[in-house]
Amino acid sequence: MEVFLADGHLSTQAIEALANGQDAFTELERLEAAEHLAFCNSCLQRYTGLLESAPLLVPERSCQKSIWTRIGMKTFQTLTSRYTAAAAAVALALTILWGGEGAAFARPALPEDHPSVSQKLSGMTEDLGDSLRHAVAGWSDFFDGFRPSQFKE
Ligand SMILES: [Zn+2]
């Protein structure tokens, strides 16, 4: 069988043999024909034209049902994951609105809520000052109880 014509293109017999899957070529002829089909658009167009008329393979099992099942499951998962978060947010908001009327929310402790060290020290000195004043007053009351006349003699 003649694979190439005189003008360098594949012969019609070779293209038909390739399209029908006939094993009429040597290894070198098959490589040359494949190489020619890789760069020659007219031969590739003739080859694909012959392939169009060939019957298409039908799969043994149709995957249409399993694909539609997967699409349905994926849609269900997407919708549930999307609306579950929204439903949880609505439920939380309604719980807070209706059930949390008596609840008091504690705000986080701010720095000004805690007395500073200087405020603590001033409070301690005031306490200490009160104690000292009290002690001094007690001492003065104690010494006021003595009369100078008591020390004479
Ligand atoms: Zn060609």
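What pattern does the protein chain follow, read along the sequence? It runs α-α-α-α-α-α.

Two points on the source. This is a predicted model, where local features need pLDDT of at least 70, side-chain atom pairs count only at pLDDT 80 or more, and totals for chains, interfaces and linings use all residues. Residues are numbered from 1 along each chain as its sequence is written.

Overall shape next. The C-alpha atoms of the protein chain fill a box of roughly 160 × 45 × 25 Å along the principal axes.

Of the 153 residues, 5% are buried. Buried means 20 or more other C-beta atoms within 10 Å of a residue's own, exposed means 12 or fewer, and partly exposed is in between, with C-beta atoms placed from the backbone.

Now helix α4, residues 64–99. Its 36 residues reach 50 Å from first C-alpha to last, close to the 52 Å expected at 1.5 Å a residue. The expected span is 1.5 Å times one less than the number of residues. The count of buried residues in α4 is 0.

Helix α2, residues 27–39, has 13 residues and reaches 19 Å, close to the expected 18 Å. The count of buried residues in α2 is 1. Ala38 sits in this helix, and Ala38 is exposed because 9 other C-beta atoms lie within 10 Å. Ala38 and Thr75 are 37 residues apart in sequence and 42 Å apart in space, C-alpha to C-alpha.

Last, a helix pair. Helix α1 (residues 12–20) packs against helix α3 (residues 41–53) at an angle of about 45°, with the axes 9 Å apart. Axes are lines fitted to C-alpha atoms over the stretch in contact, and angles run from 0 to 180 degrees between N-to-C directions. That makes α1 oblique to α3, since under 35 degrees is roughly parallel, over 145 roughly antiparallel, 65 to 115 roughly perpendicular, and the rest oblique.

Which residues meet there? From α1, Ile15, Glu16, Leu18 and Ala19 meet Cys43, Arg46, Tyr47, Leu50 and Leu51 in α3. Contact means C-beta atoms, placed from the backbone, within 7 Å.

Technical notes:
Helix = DSSP H or I, 4+ residues; strand = E, 2+ residues; numbered from the N terminus. Contact = placed C-beta atoms within 7 Å.
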